[in-house]
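Subject: Structure handover

Hello,

Here is the structure I promised to pass on. Please have a look at it first; my notes follow below.

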Amino acid sequence: MEEDEFLAYNDRIEAIREQEFPMLQDSVYLDHAGTTLYSKSLVDAFASEMVASLLGNPHSASASSQCTMSRIENIRHRVLRFFNADPSQFDLVFVANATAGIKLVSDAFRGFPEGFDYRYHQACHTSLVGVRQEAINSLCVESSDVDQWIRRGHHGPETASRSRPTLFAYPAQSNMDGRRYPLEWCQQLRKASMDAGCRVYSLLDAAAYAATSPLDLGNSETAPDFTVLSFYKIFGFPDLGGLIVKRDAASVFKQRRYFGGGTVEMVVCLKEQWHAPKTQCLHEALEDGTLPIHNIIALGSALDAHHKLYGSMADVASHTSSLARRMYEGLERMKHGSGEPVCVIYSNSSDDTKTGLGSGPVVTFNLRSRLGAWVSLAEFEKLSVLKSFHVRTGGLCNPGGVAAALGLEPWEMKQNLSAGFRCGSENDVMNGKPTGVIRVSLGAMSTLSDVDKFIDFIKEFYREEYQPPAGAYPESIVEDDKPNLIVNTLMVYPIKSCGGFRVPDDLPWAVRPEGLAWDREWCLVHQGTGLALSQKRYPQMALIRPLIDFSTGQLRISYHGPSSNTTQTEISVPLSVNPNLFQSADTLNVIESRVCGEGVSTLIYKSKYISAFFSDILGIPCTLARFPPGGSGKTMRHAKAHLQSHQTRSTQTPHHQTRPILQNGTQRRFPGIHTPPDSDSESERRILLSNESPILAITMSSLAALNQNIMTNGGSAICAETFRANIVIGPPSASPPISPEASAYSEDHWDALRIGTHDFKMLGACRRCHMVCINQETAIKSEEPFVTLAKTRRFDGKVFFGVHMCHIPAAAPNSEKAQWPTISVGNKVVVDPV
């Protein structure tokens with residue numbers, strides 16, 4: 001597609017987006033390799049079809065059933081023609097998705113009496129890798145191994161059994177980096193193996209390739225024996241897959257043992273175990289049970305809508321290739337002020353001709369700081385979500401491709417697993433290497449503006465301009481050694497992720513080893529999974545507000561949001577732990593609760609009245625659970641916040657601090673130190689259901705500095721409650737106002753605090769997620785303050801605000817101070833007391 005044609009085509013796509021994809025609104029969708037978006041035209045056409053047609057079960061003989069069968073066969077024929085596959089030489093089996101098609105082939109090969117050998121390319125999706133569990137022998141191969149296999153006619157030792165069939169699987173296009181692989185391999189291996197007296201079958205994963213490129217099966221001699229694909233990757237809807245079988249290879253399925261309803265002519269059960277499979281059409285013998293008839297009818301609508309909106313698949317391929325080239329070049333050219341690249345790109349350019357195959361519209365990469373540190377994928381996701389970008393990060397279900405790209409050896413991957421890494425873990429840079437990648441993928445409805453917005457986003461937040469001259473050091477500043485501070489506010493959050501309870505000014509509040517009394521002692525758990533619910537997923541939890549009523553000994557819980565399905569406006573539970581209120585631990589169906597990925601044993605309320613209250617508000621099956629202090633084993637958790645050995649301490653530099661260099665390469669406007677990364681190493685400090693530490697504190701001076709930055713950029717100031725801290729520290733109201741520059745972020749380098757007569761140890765900076773963007777009064781989510789924090793408080797790829805701390809017990813254990821430590825609003829705060 002020439003430049004003028006490309007721009008004209010792009011303008012046409014831009015023109016239809018608002019009407020055809022209203023769900024986008026202000027979002028930039030760049031995860032088409034996961035699934036593309038369905039158009040309004042498709043959904044409208046399908047809805048019209050549903051209300052106009054009477055469709056019965058195709059296994060019946062009624063008119064409606066025969067109508068359904070006729071429609072299905074017509075669509076089956078259309079799909080084969082869409083891929084230029086001659087129906088006399090190929091058959092299409094409808095399956096749930098590409099993985100289901102793979103499993104159908106695997107089940108057939110498993111039925112061979114002598115078993116089968118399996119070879120799969122290292123770029124295979126996990127679903128293809130899993131077939132190895134069914135094989136007698138399996139081997140992961142690289143492209144050079146396949147080329148050698150073609151030359152030799154066999155793969156493996158000369159003594160290997162040649163009577164066993166061999167199945168070779170590979171992707172037409174890697175779902176990880178978009179790299180494409182030769183479609184000719186199928187014919188070349190078939191011919192070479194037959195010359196060597198072997199029989200090799202080919203299984204092609206075309207799910208990623210067919211999404212944006214014309215898959216041509218016009219030559220049955222060169223075509224794969226089995227081709228799997230997912231229609232939702234091409235059309236967005238329906239959720240349906242296909243297995244295209246070359247009829248020459250159909251005999252393989254005679255080995256399949258299982259049969260389902262609709263695939264047999266007769267079944268004998270009594271006295272004999274016998275059945276007669278259907279033989280007229282291959283798909284009849286493989287489509288177990290009733291077909292997803294409505295999805296197949298929707299596929300017909302999808303074919304029509306796709307052609308109407310985008311023209312041919314060749315047009316889509318040309319358009320997405322041009323977009324991918326622009327994305328690749330924009331990211332590749334981006335440099336830090338030091339000249340170092342911002343992105344480490346693992347994909348080839350879409351027009352890379354080294355292999356003659358090019359690459360699909362996928363750009364996979366990682367980000368590095370000016371000094372070469374990898375940017376955490378979890379932190380990248382937090383910011384991209386707030387800026388309304390939809391991308392994919394992690395291992396992408398492509399273990400071989402990701403391991404090869406990142407240079408991860410098997411022992412390293414096993415070590416990472418042993419160290420606690422799991423898919424979706426926030427600790428995604430281990431032993432100096434990332435554990436996953438960032439993937440942006442383009443589709444038929446992608447446009448130039450999508451590409452340019454994403455490149456600008458990376459440039460704004462991850463390109464570091466500042467490069468200090470050789471031998472230069474950040475300037476030193478002088479701070480007040482002992483600022484005049486008090487406790488401005490005390491807050492506890494009895495139910496994790498729900499609203500807070502402000503401690504009255506005149507009420508001394510107990511401090512326990514696990515934190516402030518009653519803080520995060522309850523949580524809401526999903527009744528199906530046991531997962532503790534969070535505002536990040538359910539923002540309306542902010543409107544569920546508990547009140548601790550000591551006069552009645554009750555925790556009173558009310559909902560302050562818009563009217564919900566519940567007729568209850570308030571419920572109460574006792575502050576005391578009454579065993580009769582909870583499900584018995586011996587109950588067989590009790591599901592283990594999970595908090596921050598950690599399995600814990602909670603006390604789950606058995607009252608249906610309580611579960612209905614919360615379930616009606618949130619619209620999901622959930623209930624209240626309790627995690628009282630004083631437990632052991634899975635009824636106890638430990639703090640994760642931890643000071644690093646390289647952290648600058650106030651005892652080392654009591655009067656002078658330096659301005660740190662931020663992740664974006666600028667000197668911070670406000671004094672403080674380079675905040676260290678938080679650590680996942682566990683300590684012996686107990687916590688209840690808080691994420692990391694017993695107590696979280698923020699300072700008013702840091703909040704003022706942050707708000708000053710937000711308002712400079714046209715935003716509105718945020719309140720202290722945004723950060724859900726337990727203790728807010730600031731100057732007395734009668735004190736003269738202090739400029740934020742004087743003491744903002746000084747808490748970064750505090751060692752300890754004395755509040756009233758009690759001592760507290762600082763445990764490190766608090767790593768932030770986009771939950772701070774949820775307004776605690778309205779439950780409305782916005783970009784701030786996380787976007788500004790990402791520019792002013794990002795260190796080592798992570799965003800920080802506030803500090804973790806814990807209480808230090810008094811030295812005299814028999815004193816009243818030790819037995820019942822309390823703090824109050826207005827208590828004097830002394831930094832690093834002598």
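Tyr38 sits in the loop between strand 1 (28–29) and helix 2 (40–52). Bear in mind that this is a predicted model. Together with Met23 and Val43, Tyr38 makes a nonpolar surface patch of about 240 Å².

Glu5 belongs to helix 1 (residues 3–20). Its relative accessible area is 47%, so Glu5 counts as partly exposed.

Now the salt bridges. The structure holds 35 of them.

- Arg17 and Asp450: the closest N and O atoms are 2.7 Å apart. This pair links distant parts of the chain, with Arg17 in helix 1 and Asp450 in helix 16 (residues 448–462). The two residues are 433 residues apart. Both Arg17 and Asp450 are buried.
- Arg370 and Glu464: their side chains form a salt bridge at 3.6 Å, N to O. Again, distant parts of the chain are linked, 94 residues apart. Arg370 is in the loop between strand 12 (362–367) and helix 13 (377–386). Glu464 is in the loop between helix 16 and strand 18 (476–478). Arg370 is buried, and Glu464 is buried as well.
- Glu777 and Arg545: this salt bridge spans 3.9 Å, N to O. The partners are 232 residues apart. Glu777 lies in the loop between strand 37 (758–767) and helix 20 (786–792), and Arg545 lies in strand 24 (residues 544–549). Glu777 counts as exposed, because its relative accessibility is 57% and the cut-off for exposed is over 50%.

Which residues do salt bridges with shared partners join into one network? They are Lys103, Asp107, Arg110 and Glu134.

Three strands form an open sheet in the order 22-21-40, with antiparallel pairing. Strand 22 (515–516) and strand 40 (822–823) stand at the edges. Each has a single partner strand, so one side of each is left without a neighbour in the sheet. Strand 21 (residues 509–512) pairs with strand 22 over two bridges, in the antiparallel sense. Arg512 stands opposite Gly515 of strand 22.

Best wishes

Terms used: Residues are numbered from 1 along each chain as its sequence is written. This is a predicted model: local features need pLDDT of at least 70, side-chain atom pairs count only at pLDDT 80 or more; totals for chains, interfaces and linings use all residues. Side-chain values use heavy atoms; hydrogens and water are left out. Two strands pair if DSSP finds at least two bridges between them. Helices (H or I, at least four residues) and strands (E, at least two) are DSSP runs, numbered from the N terminus. Buried means under 20% relative accessible area, exposed over 50%, partly exposed in between (1.4 Å probe, protein chains only). Patches are made of residues with over 30% relative accessible area and no salt bridge: like charges are joined within 9 Å, nonpolar side chains (Val, Leu, Ile, Met, Phe, Trp, Tyr) within 5 Å. Accessible areas come from the Shrake-Rupley method with a 1.4 Å probe; for residues, only the protein chains shown count as cover. A salt bridge is a side-chain nitrogen of Lys or Arg within 4 Å of a carboxyl oxygen of Asp or Glu.
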